[in-house]
Amino acid sequence: MKKKMMAMMLALFMIISMVQIIPAKAATGNSMNNAISASTEQTYSGTLNSSTQKKYYKFTLSSSGEASLIAKATLYNIKYGVYDSNGNQLWDGSYYSDNTTGMSSIDEKLDLTSGTYYLVVDGEGYKGNYNFKISFKSAGETFKETGNGNNNSMWTANTISFGNTYKGQIAINDEKDFYKFVMPSSGRLKLNAYAKIYRVNYNIYDENGNSVWDQGLYKDDVTGQSALNEDIDLTKGTYYLAVNASYDTTGTYSFKTSFQSAGESFTESGNGTNNSLQNANSISIGSKYTGQIAENDEKDIYKLTLNTSKKLTLNYSSRLGDTEMYIYNRDGKVVWNKYNSKDDKSGLNIIKEQISLSAGTYYFVVDKTWSSTGPYTFGFYQYTSISSASITLGSQRYVYDGYAKKPKVTVKYKSKVLKNGKDYTVSYSSNKYVGTAKVKITGKGSFNGSKTQTFVIVPKATKIKKLKGQKNGFIIQIVPQKTQTTAYEMQCSTNSKFKNASRYVISNKYKKVSIRTLKRKKKYYVRIRTYKTKGKWNYLSSWSPVKTVKTK
């Protein structure tokens with residue numbers, strides 16, 4: 001019996017010992033390690049008291065986007081917190097219950113990258129019930145990001161192409177995004193961007209990390225977004241576009257870039273390659289050159305060498321708001337300077353100026369003024385006045401028909417036929433109605449000055465409808481022609497060559513006129529024409545066909 005009792009006690013001791021070495025199973029949701037899995041768009045509820053003061057929930061976002069936390073609680077004070085998978089707190093908020101309803105409610109929108117997160121519900125020592133739901137809206141990012149972001153530096157920037165639209169998000173755990181693009185030549189980058197962020201900043205850096213352009217925008221209260229439409233002039237090279245937000249704000253954005261080459265005559269990269277006298281590009285008289293003032297290239301220098309003294313014409317054109325240009329001699333002394341602004345009506349910044357230079361080497365400098373950037377063209381041309389050229393018009397006489405007349409113009413300098421648009425331009429004036437019209441030829445390129453030629457526009461002719469002889473004369477019926485006509489001039493003569501002809505002026509209000517001042521029984525040759533008086537000149541039409549009549 002004693003042995004049996006001993007055996008039972010030993011067995012009981014072993015059972016008790018085994019119970020003591022098995023750890024108690026932790027309650028679900030009391031830590032990140034055993035957090036309750038929560039799905040989006042599902043409602044979860046719980047109770048907090050002295051024994052359960054916190055609850056942990058684990059949720060996963062398949063892409064970056066906006067997670068909306070919608071929660072209600074009957075606790076006097078409740079605190080919510082969101083942590084990443086490494087236990088770093090990303091957001092928290094503490095809320096008191098309303099005195100009337102006895103409840104607190106929230107609808108908090110949190111922008112997060114894709115990944116796993118933990119929601120902690122903390123009663124702060126108070127008792128009560130709660131429920132919540134996490135809704136999710138994807139940001140639709142072009143490049144998927146996780147954790148604290150994947151493109152947060154120049155080294156990890158995503159490569160983008162011109163002409164494509166890209167979408168991104170600034171999140172609580174992703175403060176900036178970098179994008180890499182390449183300018184194949186110097187030119188204009190057009191950046192169109194929209195952001196639903198309170199304050200968004202755009203920066204462009206060169207490959208050395210130097211900021212070359214930046215812009216910050218606030219969200220519009222009406223549209224709920226900011227809009228950017230910017231032209232940015234840059235040299236050839238690799239650049240980085242950075243998007244970030246101010247004041248800890250988050251949200252989505254989209255952007256699109258396009259490119260237009262400046263067509264530079266001398267390709268530049270980096271901060272410019274012709275920014276000093278030593279690196280100036282050589283140019284020649286009579287050639288047209290294209291350059292660009294960029295955000296990262298503030299001046300261009302060109303070298304011009306003259307063997308003899310010359311009187312040159314500088315032709316410069318751009319759309320830059322302001323331009324300042326210099327000419328230095330080889331000793332670095334300024335021998336010419338010009339500041340010019342864009343014309344408000346035409347939108348063009350044009351300089352056409354004559355400059356006299358003696359033999360030697362010179363440096364022409366186009367300098368950035370204020371914030372003006374963009375392409376420009378220029379050329380130095382040896383001065384020749386277009387007035388020394390011969391000008392021939394396709395016709396010197398036209399008949400009025402209600403349309404403007406533009407005779408063909410041929411311009412020759414010595415034996416060379418000049419080209420319209422290259423060497424000169426043509427403009428017409430007073431070239432629609434009867435009178436003296438003008439053609440103005442203005443020199444262009446290596447030609448300066450202007451020269452004017454004239455031609456005439458005459459009224460349309462009329463003709464004799466009928467002639468009938470009468471005593472000492474005849475009756476003439478005229479085909480009416482009153483347009484751009486002052487009166488008719490009629491001639492009659494017994495000679496077919498109209499020698500010693502009689503002349504009559506007939507008002508154009510008459511269709512039939514009686515003439516009784518001629519010799520009897522004579523054969524007369526008759527013709528008529530129109531004319532218009534302008535100032536002291538009469539502009540005459542051609543004569544009508546000749547008709548004959550015999551007086552009685």
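Modeller: Two strands pair if DSSP finds at least two bridges between them. The structure discussed here is a predicted model.

Colleague: In what order do the four strands of the open antiparallel sheet stand?

Modeller: The edges of this sheet are strand 2 (43-48) and strand 7 (104-112), each of which pairs on one side only. Neighbouring strands are turned against each other by 20° on average, with direction ignored. The pairing is antiparallel, and the order of the strands is 2-9-4-7.

Colleague: Over how many bridges do strand 4 and strand 9 pair?

Modeller: Strand 4 spans residues 65-73 and strand 9 spans residues 128-138.

Colleague: How many of the eight residues of strand 8 are buried?

Modeller: Strand 8, residues 115-122, has antiparallel partners that include strand 3 (residues 54-61), joined to it by eight bridges, and strand 5, joined to it by six bridges. Opposite positions include K54 facing D122 and D84 facing Y117. A residue counts as buried when its relative accessible area is under 20%, and strand 8 is mostly covered, the number of its buried residues being six.

Colleague: What is the N to O distance in the salt bridge of K190 and D231?

Modeller: K190 lies in strand 13 (residues 187-195) and D231 in strand 16 (residues 226-234), so this pair ties together parts that are 41 residues apart in sequence. K190 is partly exposed at 30% relative accessibility, and D231 is partly exposed at 32%. Their side chains meet with an N to O distance of 2.7 Å.

Colleague: Which residues are linked with E489 in a network of salt bridges?

Modeller: E489 is buried, with a relative accessible area of 5%. The side chain of E489 meets that of R503 at 2.7 Å, N to O. R503 lies in strand 40 (residues 502-507) and E489 in strand 39 (residues 487-493), so the pair ties together parts that are 14 residues apart in sequence. The residues linked with E489 in the network are R503 and R529.

Colleague: Is Y96 buried or exposed?

Modeller: Y96 has its place in strand 6 (residues 89-96). Together with Y76 and Y126, Y96 makes a nonpolar surface patch of about 350 Å². The cut-off for the exposed class is a relative accessible area over 50%, and Y96 has 53%, so Y96 is exposed.

Colleague: What separates the C-alpha atoms of G87 and M32?

Modeller: G87 is placed in the loop between strand 5 (77-84) and strand 6, where it is partly exposed with a relative accessible area of 34%. G87 and M32 are 55 residues apart along the chain, and the separation of their C-alpha atoms is 8.3 Å.

Colleague: What radius of gyration does the chain have?

Modeller: The chain has one helix and 44 strands, and buried residues make up 41% of its 552 residues. Its C-alpha atoms fill a box of roughly 185 × 70 × 40 Å, taken along the principal axes. A compact globule of 552 residues would have a radius of gyration near 24 Å, whereas the chain has 46 Å.

Technical notes: Residues are numbered from 1 along each chain as its sequence is written. This is a predicted model: local features need pLDDT of at least 70, side-chain atom pairs count only at pLDDT 80 or more; totals for chains, interfaces and linings use all residues. Side-chain values use heavy atoms; hydrogens and water are left out. Helices (H or I, at least four residues) and strands (E, at least two) are DSSP runs, numbered from the N terminus. Axes are lines fitted to C-alpha atoms, for helices over the stretch in contact, and angles run from 0 to 180 degrees between N-to-C directions. Patches are made of residues with over 30% relative accessible area and no salt bridge: like charges are joined within 9 Å, nonpolar side chains (Val, Leu, Ile, Met, Phe, Trp, Tyr) within 5 Å. Accessible areas come from the Shrake-Rupley method with a 1.4 Å probe; for residues, only the protein chains shown count as cover. A salt bridge is a side-chain nitrogen of Lys or Arg within 4 Å of a carboxyl oxygen of Asp or Glu. Buried means under 20% relative accessible area, exposed over 50%, partly exposed in between (1.4 Å probe, protein chains only). The radius of gyration is taken over C-alpha atoms; the globule rule is 2.2 Å times the number of residues to the power 0.38.
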